[in-house]
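The points are numbered for reference.

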Amino acid sequence: MQKTQNSKSLRDLLLMHELIFIALILLAVISGGYGIHIWDKTSKESQRINLLVQEIYQVRGDLYRQMKELFDAFFLQDGEALAEYNAYTQSILTHFNGLKGIARGDEEKQAIAEIEQNYRIFVNEAPSLFYRYQARPDRDSQKSLYKDIETGIFSRYEDVSKRAEMLLSLKQVELKTRLADAKSSSIAILSIPVLLAGILLFFSRLFLKKSIVNPINAMMHATQEISAGNLSHKVPETGAKELATLSQEINKMAEDLSLSRDALVRTEKQAALGLLVPMLAHNIRNPLASIRATAQIIDSPEHDKDTRESLQGIMNTVDRLERWTGALLAYLNPIKPQLSPAKLSNIIQGATGPLVQKLAEKNIQIVTDISDVKSAILTDEHLLEQVLYNLILNAIEASPKQSSIYLNASLFNHVLEMTIRDEGSGMPFVPDPHALSPGPTTKRFGTGLGIPFAFKVCEVLNGQVEFMTAQPVGTIIKINLPQ
């Protein structure tokens with residue numbers, strides 16, 4: 001029963017299984033969403049940096065083309081070159097505005113600001129260099145112009161531009177590293193639900209086998225055994241709570257069927273005895289009565305001692321057989337109690353009166369205490385007297401010489417409680433109140449019907465009798481009769 005209480009029900013187990021499955025799905029969705037989020041964020045950042053690099057390259061390209069227009073204007077005397085120069089200036093400034101909108105963080109904004117600052121220096125200083133060359137167009141002025149442009153303003157612009165490109169290149173490398181880490185993390189996180197799903201599948205298989213399949217197979221085997229008549233077969237009360245409860249009910253059903261079968265067999269035997277014993281009793285009693293009457297007539301003081309002892313033995317044996325037959329008939333026939341008020345002291349006196357000789361033979365004393373029962377009790381005087389006679393007789397047979405038998409009675413809450421305690425060696429068997437056949441006996445001429453008769457009488461009187469082992473020795477018999 002404890003196993004059944006500790007077992008989980010199928011509903012709880014299925015709910016737990018579904019919750020774990022849902023948790024795995026949520027974990028997979030979260031890990032997948034995290035991976036997608038990192039990938040999308042990194043991809044957007046990479047696109048932004050690529051756009052920054054493209055814009056910087058575009059500015060550099062326009063700057064080279066702008067330089068070409070200056071050379072065309074001053075060396076080739078191209079009239080449209082200055083207009084093209086101004087158009088490239090506007091284009092480059094537009095690119096710078098775009099770069100400012102794309103740039104993020106102090107490092108990127110500072111790098112873009114330095115590029116723009118150096119470009120504005122170039123725009124302000126480059127025309128003046130060309131005008132100075134135009135004022136003195138000789139070879140030395142041309143060399144000085146080239147030198148000032150290459151090693152001066154243009155060189156500074158290239159340095160600043162390369163630093164910005166290097167910064168963006170490092171960020172691209174960092175993004176690639178982050179993207180690789182995000183990919184590895186996503187794969188690792190996604191592998192967790194897959195691994196957990198595999199573990200869940202493995203343990204689900206074990207769970208199904210242990211909690212459902214094996215108990216069902218055990219129940220199927222048990223039904224086959226029970227159908228074959230093996231009612232002692234037990235189903236293991238394991239598995240899910242419902243299956244354990246079902247196994248417990250099957251075991252209870254088999255136990256009830258076993259008890260019913262045994263009771264039916266005993267009832268059939270009892271019925272057979274009920275039909276056979278009265279006929280045998282009738283056929284036995286008549287010869288017994290003739291034998292005793294003959295022995296009683298023959299018994300005369302004129303005979304010698306041996307003859308008289310033999311005749312007395314014949315009469316004693318006939319009397320024992322008569323008592324055995326009467327007890328057997330009383331046990332087999334239905335008992336109908338006749339309730340009437342009676343004094344408990346009279347009932348005890350009637351039960352112990354015929355036992356005076358046996359008490360004297362073993363020098364046994366009956367110690368009676370019924371002072372609490374002052375009023376008359378409602379019972380069947382003759383049946384209760386027979387019960388006490390049989391039980392006290394058993395106590396006398398079991399008690400050693402020069403011992404005592406204690407008989408107490410009290411009336412409490414409309415229940416008469418009597419106890420009989422002897423100082424013998426204890427009972428050789430445990431009396432069964434539900435037995436339908438006589439119990440064993442250790443007496444030479446006993447019928448084994450004394451205790452079953454006591455059970456039967458107490459049952460029809462709506463009471464009960466209980467046998468217990470006394471300490472340190474002896475037996476205690478308790479009789480409870482409602483009043």
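1. Asp72 is buried, at a relative accessible area of 12%; buried means under 20% relative accessible area, exposed over 50%, and partly exposed in between (1.4 Å probe, protein chains only). Its partner in a salt bridge is Lys68, at 2.9 Å from N to O, where a salt bridge is a side-chain nitrogen of Lys or Arg within 4 Å of a carboxyl oxygen of Asp or Glu. Lys68 is partly exposed, at 49%.

2. The model is predicted: local features need pLDDT of at least 70 and side-chain atom pairs pLDDT 80 or more, while totals for chains, interfaces and linings use all residues. Residues are numbered from 1 along each chain as its sequence is written, and side-chain values use heavy atoms, leaving out hydrogens and water.

3. Lys100 and Glu116 also form a salt bridge, with the closest N and O atoms 2.9 Å apart. This pair links distant parts of the chain, Lys100 being in helix H3 (residues 81-102) and Glu116 in helix H4 (residues 105-135), 16 residues apart. Lys100 is partly exposed, at 43%, whereas Glu116 is buried, at 8%.

4. In helix H6 (residues 241-298), Lys252 and Asp256 are four residues apart, about one helical turn. Their side chains meet in a salt bridge of 3.3 Å, N to O.

5. By the rule above, the count is twelve salt bridges. Glu45, Arg48, Arg104, Glu108 and Lys171 are linked in a network of them.

Technical notes. Helices (H or I, at least four residues) and strands (E, at least two) are DSSP runs, numbered from the N terminus.
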